[in-house]
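User: Hey, could you walk me through this model? I'd like to go over the bits that stand out.
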Amino acid sequence: MKQEIVEEIKGIVGKDGYSTDIADLYVYGFDASIHHKTPDIVVRPTTTEQVSAIVTLANRTLTPIVPRGAGTAMCGHAVPLKGGIVLDLTAMNKITEMRVEDLYCVAEPGVIYDQLNGELSKRGFWFPTTPGSAEACTIGGMVATNASGMRAIKYGATRDYVLGLEVVLPTGEIIHTGTRTLKNSSGYQLDRLMVGSEGTLGVITSVTLRFAVKPEASAMTIAAFNSLVDAGRCVSNIIAKPLLPSAIELMDSVTIKAVNKCMNVGLPDCEAICMIEVDGHPAAVEDEMKIVEEIARKSGAFSTEASADKKKINEWTQARKAILPSLSRYGENYVSVALADDMSVPISKIPEAVGAFQRIAEENGVIVGTYGHAADGNLHTKMLVEPHSEESWKAGERAVGQIYDKVLELGGTVTGEHGVAITKAPYMQKERADSLDAMKAIKKALDPNGIMNPGKIFDWEGSIISHLRYPAFCDDRCGGCQKS
Ligand code: MLT
Ligand code: ZN
């Protein structure tokens with residue numbers, strides 16, 4: 001990067017607001033995905049005006065710019081594929097308004113999900129989307145990916161809570177979308193366009209969010225099955241009752257074993273479990289839990305264990321949240337990687353989907369851990385690969401393609417909550433083939449110079465097994481990313 005650009009950035013954010021230190025640049029080349037690429041500079045703005053000045057400069061000098069929250073994204077959203085500026089928004093971390101009487105609050109993008117919920121719960125409310133990375137992920141990142149988690153079946157995803165946004169467009173102009181009212185039919189819903197735009201259409205600098213009343217009580221049961229397909233069937237049997245649980249988390253035998261190895265929770269050692277949660281008024285919770293357990297048994301569960309004890313529910317929830325790190329300790333030589341990561345299928349298709357995933361894993365000789373927010377059809381399939389074996393990565397990639405073909409055949413989507421970025425780009429391009437041109441036209445209109453988070457989503461070409469963070473398997477397909 002030219003020294004004049006660095007000097008200009010220093011003039012905008014001051015000497016402590018940026019870094020070109022080699023160690024910082026290396027670290028900011030990662031997110032939670034399999035990819036890595038080093039930026040030229042990391043900038044930490046503290047105000048919208050600073051963001052606007054930096055983006056204006058990037059646009060004038062044709063410098064790529066990638067907004068970043070906590071870096072918990074799993075598909076390469078925050079990896080600066082083309083170098084340039086990483087814009088770290090974590091210093092913009094204030095809740096600027098809390099209006100419980102109007103059912104909304106306003107937060108800067110760097111506010112952490114759990115921090116916001118801490119403030120809301122003191123007042124009897126919550127923002128219930130419950131992402132797996134709740135302790136770390138930021139509100140800006142959640143909006144940029146339309147993040148959600150285990151409670152989306154009852155409470156929806158981030159999109160359902162965004163009332164309005166302040167956005168710095170790729171030209172540096174500051175715009176305000178949406179409103180502070182709960183209803184709004186005033187013109188194009190540009191906030192809807194920005195939600196899930198993954199840093200390609202602008203930088204989110206303020207978020208107006210509605211929230212929900214926190215339920216009085218909850219209860220959870222662990223239903224254990226001898227068949228993953230039966231566990232999948234249990235999910236749609238509960239929904240079709242009709243009964244709306246606040247969560248159903250499905251775990252297969254690979255994920256159960258991994259968690260039991262790492263944590264002392266003693267999950268039933270079987271083919272599959274469903275962790276089923278209901279919430280609401282205490283009397284309703286008790287009634288609904290009885291019905292849930294009856295349906296689970298009729299669907300093939302050989303045991304159920306219910307609890308309304310907060311400590312127990314928290315212990316089970318923590319065990320569920322530990323799947324991702326635990327999978328990397330499943331076997332000596334394997335790491336768990338986010339490939340074919342978070343597809344969604346219509347709820348009734350879960351049995352067919354999980355059966356197919358097991359078959360595809362076997363046929364390709366890969367180990368796949370299947371789990372997820374089954375209540376709304378959102379599944380996770382983490383592959384265990386030998387990180388330094390090319391053959392292992394190739395087998396993983398083959399399985400990914402087959403898994404996504406099956407998901408699309410079942411009427412599903414390649415990503416329910418993590419987004420596209422790099423790791424899902426080729427499959428999303430297949431899924432959205434007839435609307436890619438419309439997306440590209442919107443991108444061109446808002447970002448004529450293509451500076452915002454370039455090279456991702458519809459602009460990605462080729463294999464996803466490139467720009468890998470694992471140096472021993474870095475070859476020409478990475479463009480020498482690890483060597484640069
Ligand atoms: C979760 O469900 O815990 C998160 O989406 C992360 C993941 O495991 O893929
Ligand atoms: Zn998830």
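**Walking through the model**

Analyst: Helices (H or I, at least four residues) and strands (E, at least two) are DSSP runs, numbered from the N terminus. This is a predicted model, where local features need pLDDT of at least 70, side-chain atom pairs count only at pLDDT 80 or more, and totals for chains, interfaces and linings use all residues. Residues are numbered from 1 along each chain as its sequence is written, chains are lettered from A and ligands numbered from 1 in the order in which they are written, and side-chain values use heavy atoms, with hydrogens and water left out.

User: Is aspartate 437 buried or exposed?

Analyst: Aspartate 437 counts as exposed because its relative accessibility is 61%. The cut-offs are under 20% relative accessible area for buried and over 50% for exposed, with partly exposed in between (1.4 Å probe, protein chains only).

User: And how far apart are aspartate 437 and valine 414?

Analyst: They're 19 Å apart in space, C-alpha to C-alpha, and 23 residues apart in sequence.

User: OK, metal next. What coordinates the zinc ion (ligand 2)?

Analyst: His373 (NE2), His380 (NE2) and Glu417 (OE) do, at 1.9 to 2.1 Å. Donors here are N, O and S atoms within 2.8 Å of the metal (3.2 Å for Na, K and Ca), and water is not among the atoms, so sites may look incomplete. In sequence the spacing of the donor residues reads H-x6-H-x36-E.

User: Where do histidine 380 and glutamate 417 lie?

Analyst: Histidine 380 is in strand E18 (residues 378-385), while glutamate 417 is in the loop between helix H14 (390-409) and helix H15 (425-431). The pair is 37 residues apart and links distant parts of the chain. Both histidine 380 and glutamate 417 are buried.

User: Switching to helix packing. How do H8 and H13 cross?

Analyst: The axes of H8 (residues 228-239) and H13 (residues 350-364) come within 8 Å and cross at roughly 155°. Axes are lines fitted to C-alpha atoms, for helices over the stretch in contact, and angles run from 0 to 180 degrees between N-to-C directions. H8 and H13 are therefore roughly antiparallel. For the labels, under 35 degrees is roughly parallel, over 145 roughly antiparallel, 65 to 115 roughly perpendicular and the rest oblique.

User: Which residues of H8 and H13 meet?

Analyst: Leu228, Val229, Gly232, Arg233 and Val235 in H8 meet Ile350, Pro351, Val354, Gly355 and Gln358 in H13. Contact means heavy atoms within 4.5 Å.

User: What about H8 and H10?

Analyst: The H8 axis comes within 9 Å of the axis of H10 (residues 282-298), and they cross at roughly 140°. That makes H8 oblique to H10. Cys234, Asn237 and Ile238 of H8 make the contact with Val292, Ile295 and Ala296 of H10.

User: What is phi of histidine 467 near?

Analyst: Phi of histidine 467 is near 50°, a positive value. Histidine 467 lies in the segment after H16 and is buried, with a relative accessible area of 14%.
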